[in-house]
Amino acid sequence: MNNDTASAVYVLPLFPLRRTVLFPTIAGPFAAGRKGSIAALEFASASEDKNLITATQRDTDVDTPSADDLHRFATRGVVRRLFRSEETLEVIIEGLERIRIQNVEQEGDRLMAHAIPAPVVLEPGPESEALKREIISLMGEFQALVPQLAQFNVEALLEKARDPMHLVYLLGALLELDYEKAQRLLDASEQNQAMKLLLGYMRKEYEVLKLRREIAGEAESEAGQEQRKYMLRQQMKAIQKELGEAGDGDTASQELRERLEQAELPEPVREEAERELGRLEGTPPASPEHGVIRNRLELILDLPWKRRTEDNLNLARARQVLDADHYDLTEIKERILEQLAVLRLNPEAKASILCFVGPPGVGKTSLGQSIARALGREFERFSLGGLRDEAELRGHRRTYVGAMPGRIIQAMRRAGSANPLLMLDEVDKLGQDFRGDPASALLEILDPAQNYEFRDNYLDLPFDLSRVLFITTANTLEPIPGPLLDRMEVLRLSGYSDEEKLEIARRYILERQRLQSGLAQEQFKVPEETILRIIRHYTREAGVRELERRIGRLARKIALRIAEEREIPDTISPDLLHELLGRERFRPEEARRKVPPGVATGLAWTPTGGDVLYVEAILLPEEGKLTLTGQLGDVMKESAQAAQNWVLSQSDRLNIKHPRAGLHIHVPAGAIPKDGPSAGVTMAVAVASIYSGRHTRADTAMTGEITLSGLVLPVGGVKEKVLAARRTGLRRVILPRQNEKDLDDLPDTVREEMEFVLADRIDNVLRAAIPGLLPEAESAEPVESSSSEP
């Protein structure tokens with residue numbers, strides 16, 4: 001705009017308008033909420049002539065417009081009435097004349113406009129007369145269609161109009177034109193130009209009104225509130241179609257249609273989506289069915305029907321990633337590399353369903369993340385622990401309120417890929433009740449022969465899960481149903497030895513906790529002897545979760561000292577652990593170094609790793625009575641009965657003096673339920689010890705199942721049990737001979753440090769556990785022991 005204000009006639013407060021236009025000779029109501037607008041209205045209202053200038057903004061989002069943000073042609077008006085409310089001013093302004101803004105200046109909170117009159121050039125003549133008559137004729141037809149015009153008399157309007165421009169502005173206001181069209185009328189500098197614009201707007205509006213009348217006539221027979229709403233929507237659609245404009249009600253449908261056209265979908269899925277989109281367009285938005293249809297359509301369009309990530313089949317890189325994230329786990333890493341090799345040779349090969357079984361804290365979930373990173377696949381996980389409703393996996397049927405797709409489909413939606421790695425945690429903790437059996441639903445999900453057409457109840461379309469790499473995790477296999485377990489390849493992650501925990505701490509935990517605590521390397525130096533002290537005296541676990549917590553607390557203690565500007569040690573020695581972590585929680589080297597007759601040291605497997613189990617027996621005065629305590633399960637009770645009966649059957653050989661005495665067997669801790677056959681050997685030793693009055697070896701632990709014929713049968717969890725014995729300070733373990741092969745799973749340092757006695761009969765066990773009970777000549781077979789390799 002021209003900044004020259006020398007020729008300006010008016011210097012008036014400026015009231016900027018948004019999405020509306022004030023015409024000369026026309027009065028209208030306005031509301032002001034902006035600070036500058038309120039200041040301008042108050043200044044004008046306080047002035048003697050109450051004059052101001054109204055100008056429409058080009059950009060409605062600008063709060064404080066400049067001269068370039070306003071249309072050049074505006075209206076000088078006068079404030080007729082002013083009403084105050086809590087936050088706004090309500091005002092009635094009457095337009096006086098068309099003006100042209102030359103400059104805008106800021107004075108305090110208000111804007112001041114410099115403007116000159118800009119009257120429209122009148123053009124009397126045949127063309128002007130023809131345009132006027134056409135407008136008058138069209139106005140007569142409008143009276144029957146436009147409620148606002150029906151109350152006016154055309155002849156009276158003509159008599160009132162001082163000039164044709166007055167009529168143009170009056171009709172422009174009555175027709176409620178949008179602000180852009182209204183501004184074009186105000187911008188018109190010539191009378192005929194303005195009349196032509198108005199005539200074009202009137203003709204277009206007249207055609208729209210005629211179409212509305214026709215639609216209203218066709219829909220008049222429909223009754224009821226829902227039918228009336230539908231009719232109004234159909235009218236709106238017809239009008240928008242005629243104008244070539246997209247309405248707000250069709251925006252969602254239009255977006256879905258555009259997404260549908262661009263989506264890569266299987267043909268049957270596309271046909272179903274097209275059918276659903278048609279239903280959506282014909283369903284009122286207020287209908288509950290509208291939301292259900294739209295949600296399903298969005299799910300269909302979000303799912304990765306054909307989108308896949310390309311597998312990274314570089315074996316060297318995969319090995320590097322797995323080694324960088326996890327220590328040891330050689331067998332599992334080799335299994336993953338085998339799968340990569342197969343995919344490299346046969347990209348269409350189906351992946352096996354892997355099940356990682358092991359105690360908490362051994363890295364099952366993090367291993368799944370590393371596998372996904374090595375493969376270059378998306379990773380998604382969710383827990384099955386406590387899941388009881390089958391619909392949580394298969395989805396709810398859409399007939400239910402609040403229906404949702406199942407967790408599998410939701411995970412695929414989040415992954416955005418048709419071949420992600422899905423980790424299903426805690427598969428051994430699935431529930432079951434009247435709502436269904438989730439384990440049975442997993443049978444289809446985890447079966448490559450069936451899941452290529454998996455149907456979620458909510459989606460109700462076949463979705464291919466055969467490209468998904470499923471990995472499940474569990475602490476124990478016993479709760480998993482047999483048919484489900486049959487579909488999975490079990491890979492065991494046993495507990496770690498002290499040396500393995502030391503390496504894991506050095507390679508991963510120390511650095512991770514140092515970074516999380518914001519410490520520099522020179523501020524957090526933890527030598528190996530300190531880590532070993534934490535492992536042996538502050539933790540007792542199969543994994544490294546508690547170890548990481550303890551090291552994390554150590555790092556936070558150092559961070560606290562730094563924050564308080566206290567001195568920190570150069571190196572955290574073992575002597576500082578009592579000050580930083582408190583007293584030691586475990587002292588395994590002092591565990592039961594002396595045991596009385598009737599006490600034997602057993603080994604047990606638990607979902608959290610191995611544990612040492614002491615079996616205690618005493619004789620009772622009641623003849624022949626057997627008492628069992630310690631929350632023993634049925635299998636352990638039967639093992640106790642078998643142990644007592646076998647020992648009594650060998651009373652002559654074992655030199656038993658009171659075979660008819662009663663017996664009480666107790667297994668601490670009494671609050672923990674216990675069961676399983678592997679305590680049979682321990683119970684037999686405890687019973688033989690109490691009946692013979694001889695001590696058992698306090699440095700020896702044992703495990704194995706027994707029979708009445710005196711055989712020792714193999715058991716599971718050998719690695720966990722041996723590591724538990726080692727943690728407790730026991731260096732000698734009696735094992736069933738058939739478990740000799742399981743010693744290969746032990747780290748070399750453990751095999752070199754421990755002594756193993758392999759036995760296939762109870763006689764061998766008694767010979768090794770109770771010195772002097774059986775002479776060497778009476779032993780059924782020589783006792784074999786190993787101080788290194790088995």
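Which residue of β12 is the bridge partner of V357? The partner is A474; the points below place this pair in its setting.

1. Basis of the model. The structure is a predicted model, in which local features need pLDDT of at least 70, side-chain atom pairs count only at pLDDT 80 or more, and totals for chains, interfaces and linings use all residues. Residues are numbered from 1 along each chain as its sequence is written, and side-chain values use heavy atoms, with hydrogens and water left out.

2. Overall composition. The protein chain holds 28 helices and 23 strands, where helices (H or I, at least four residues) and strands (E, at least two) are DSSP runs numbered from the N terminus. Of its 790 residues, 49% count as buried; buried means under 20% relative accessible area, exposed over 50%, and partly exposed in between, with a 1.4 Å probe and protein chains only. The chain exposes about 38,100 Å², of which carbon and sulfur atoms supply 47%; the areas come from the Shrake-Rupley method with a 1.4 Å probe, and for residues only the protein chains shown count as cover. Among contacts (heavy atoms within 4.5 Å) between residues at least 6 apart in sequence, 73% join residues at least 24 apart.

3. Strand β7 and its partners. Strand β7 (residues 354–357) pairs in the parallel sense with strand β12 (residues 469–474) over four bridges. Strand β13 (residues 489–492) also pairs with β7 in the parallel sense, again over four bridges; pairing requires that DSSP finds at least two bridges between two strands. In β13, L491 stands opposite F356. L354 and F356 point one way from β7, C355 and V357 point the other way, and all are buried.

4. Surroundings of C355. This residue of strand β7 counts as buried because its relative accessibility is 0%. Leaving aside residues up to four places away in sequence, C355 touches T472, L477, M488, E489, V490 and L491.

5. Aromatic pair F15–F30. Rings of Phe, Tyr and Trp (its six-membered ring) pair if their centres lie within 6.5 Å; planes under 30 degrees apart count as stacked, over 60 as edge-to-face and the rest as tilted. The count by this rule is three aromatic pairs. One of them, F15 with F30, is edge-to-face, at 6.3 Å centre to centre and 90° between the planes. Since F15 lies in strand β1 (residues 10–17) and F30 in strand β2 (residues 27–32), the pair ties together parts that are 15 residues apart in sequence. F15 is buried at 2% relative accessibility, and F30 is buried at 10%.

6. Arginines over rings. R98 lies over the face of F73, 4.1 Å from the ring centre, and R110 lies over the face of F43 at 3.9 Å. The criterion is NZ of Lys or CZ of Arg within 6 Å of the ring centre and within 35 degrees of the ring normal.

7. Loop residue R72. R72 is placed in the loop between β3 (51–56) and β4 (73–84) and counts as partly exposed at 36% relative accessibility. Its C-alpha atom is separated by 7.6 Å from that of Q102, 30 residues apart along the chain.

8. Helix α25. The 13 residues of helix α25 (residues 680–692) should span 18 Å, and its end C-alpha atoms are 18 Å apart, which agrees; the expected span is 1.5 Å times one less than the number of residues. As 13 of the 13 residues are buried, α25 is largely enclosed by the rest of the structure. G693 follows α25, with a positive phi near 75°.
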